[in-house]
Amino acid sequence: MTTPTPWGPPYGGPPPLPPTIPAKDLRPRRIWYVVAALLGLMLAGVGTAFIVVTVKNTLDSIDTARSFSSGDSRTFSFVQGKTKAIYVSQSGKGRVQCRIPELGSGSMTQPDSTFRITLGSRTWERVFEVKPGSSGDYTLTCTSELPAEFAVGDQPRMGATVRGVVAGVGCILAAVVSSLAIVIVTAVRRGRHRRRLTPAPQWGPPPYGYAPWPPYGPQS
C-alpha cells in the first residue's frame, strides 16, 4: 500500500497547442500569388503573339492567290530596287526555268540559300529572286520538268523571322521563371513570418503521475 503524496492530487496535463496564425496577418500578402499568375499570363500572351504574328507574316509573304501553272504566264507589278522572290510548288526536284523578257540580264538571280514554307497541303520553295531596274508591270513565264505551280512573293527576311520567334520563346520562358520565382519567394517569406509570430512554447506543471523526487512515507 502506497501513502498518498503530501502535495495533494496529481496535476498538470499535455502542453497547449500552438496558436493558429491567421493567414491575413502573414507577410507578404497572398495577393502576390495572384500577381505571379497575372504576370505569367501576360508574358506568355505576349510571347505567343510574337510567334503568331511572325509566322503569319511569313505565310502571307507569298501571293498564292495569283499562282499559275508550269508553262503559263502572268503579269506582276515590280518596284525598282525592291527584291521579289519566285516560288515553286512541285512534287519532286524538277528543273525550273523562269524568264521576264522585258528585264535586262542580271535582274533575275538564284539565291544562295534554300527557303521553304508549307501552306496547307503545298510546300513552296524559293527558286529565283528578281530586282528590277525600273518599276512597272512585267510578264513572268516559268516552266518545270514536273507538274508545278509558281507564285511571286516577298523576299524572305530570315533575320526578322528568327528575332520574332526568339522574342516569343524568350517571353514564354520569362513567364515561367518569373512566376515561379514570385511564388517561391512569397511562400518562403510567409513561412518565416509565421515562425516569428508563433510564441515560444510555455512549459507548464509536471505531467500527470510525475514526481520530481521520491514520495515520502512508508511504502509496502
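E149 sits in strand β9, residues 148-154 (strands being DSSP runs of E with at least two residues, numbered from the N terminus). The model is a predicted one, in which local features need pLDDT of at least 70 and side-chain atom pairs count only at pLDDT 80 or more, while totals for chains, interfaces and linings use all residues. Residues are numbered from 1 along each chain as its sequence is written, and side-chain values use heavy atoms, without hydrogens and water.

E149 is buried (under 20% relative accessible area, with exposed meaning over 50% and partly exposed in between, for a 1.4 Å probe and protein chains only). Even so, E149 has no salt bridge (a side-chain nitrogen of Lys or Arg within 4 Å of a carboxyl oxygen of Asp or Glu). The nearest side chain of opposite charge, R122, is 4.8 Å away (Lys and Arg count as positive, Asp and Glu as negative, with His and the chain ends not counted).

D154 is partly exposed at 33% relative accessible area, whereas K84 is buried at 18%.

The structure holds five salt bridges. Among them, R116 and E125 meet at 3.7 Å, N to O; R116 is partly exposed at 47% and E125 is buried at 18%. Another joins E129 and R126 at 2.8 Å, with E129 buried at 12% and R126 buried at 8%. Salt bridges with shared partners connect K93, R116 and E125 into one network.

Terms used. Helices (H or I, at least four residues) and strands (E, at least two) are DSSP runs, numbered from the N terminus.
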